[in-house]
Amino acid sequence: KAGVTQTPRYLIKTRGQQVTLSCSPISGHRSVSWYQQTPGQGLQFLFEYFSETQRNKGNFPGRFSGRQFSNSRSEMNVSTLELGDSALYLCASSLRFGGESNEQFFGPGTRLTVL
Amino acid sequence: AQSVTQLGSHVSVSEGALVLLRCNYSSSVPPYLFWYVQYPNQGLQLLLKYTSAATLVKGINGFEAEFKKSETSFHLTKPSAHMSDAAEYFCAVSDPNAGKSTFGDGTTLTVKP
């Protein structure tokens, strides 16, 4: 099975722009989560989707949004970019929503740099 | 709310020495615990996971972890460090009612020749 894929792998944007990141989960996985990783804050949960519905959201401003499609692929969007949005954005998929040992499988991430 | 605390942001060992990375958890329900490893510019890779079936869990690359409920700990060990083990390691607890996990701050492991 192919792993979790994320596109693009690298992005450079300027302040005020918006960006869309894409994530394709492992085939058959229906739950997708997004995380932001920075040296100062570590891994911070952004949001989680299951069956095209946002199930949980982390403590991020409304500039961060996402969606999930019927094929479980997910996108996240960041509008009005700020310098502090520079980070590695990780997508993770899991087979189901909750339950015992429901491990997440991570993609390689998208490295976003905001200038 | 669930949380994990990793003791020690940096651990340095010599090649061939024992690796011990510490993780303590807090959870109001039986926890689902994981260890992940991250190499530079890559995503996270699952090392091992705790299920209620066994308290001593064996993972990939010779790592293992022991779940100790009395100590609320899930420390990661490897008997003999290899240079290729140098990476960042994350302990995580998953939400039993969701797919997301809460991660510790990570421990960077350095292996000296």
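In this predicted model, strand β5(A) pairs with strand β6 (residues 53-57) of chain A in the antiparallel sense, and four bridges join the two. Within this pairing, Phe50(A) stands opposite Thr53(A), a residue of β6(A). The two strands form a hairpin with two residues between them, and in this hairpin Ser51(A) takes a positive phi near 50°.

The report now turns to the interface of the two chains. On the side of chain A, 24 residues are in contact with chain B, and 21 residues of chain B take part in return. The area buried between chain A and chain B is about 1800 Å², and carbon and sulfur atoms give 54% of this area.

Which residues form the salt bridge? Glu103(A) is joined to Lys49(B), and their closest N and O atoms are 2.9 Å apart. The count of salt bridges between the two chains is one. Across the interface, six residue pairs are in polar contact, with both residues of each pair at pLDDT 80 or more.

Three elements of chain A give two or more residues each to the side that touches chain B: β4 (31-38), β5 (42-50) and β9 (87-94). The largest share, four residues, comes from β4(A).

| Class | Residues of chain A |
|---|---|
| Nonpolar | eight residues |
| Polar | 11 residues |

Technical notes
Residues numbered from 1 in each chain as written. Chains lettered and ligands numbered in written order. Predicted model: local features only at pLDDT ≥ 70, side-chain atom pairs only at ≥ 80, totals over all residues. Heavy atoms only, no water. Contact = heavy atoms within 4.5 Å. Buried area = accessible area lost by both parts, 1.4 Å probe. Salt bridge = Lys/Arg side-chain N within 4 Å of Asp/Glu carboxyl O. Polar contact = N/O pair within 3.5 Å; in protein donor to acceptor, adjacent residues only side chain to side chain. Nonpolar A, V, L, I, M, F, W, Y, C, P; charged D, E, K, R; others polar. Pairing = 2+ DSSP bridges.
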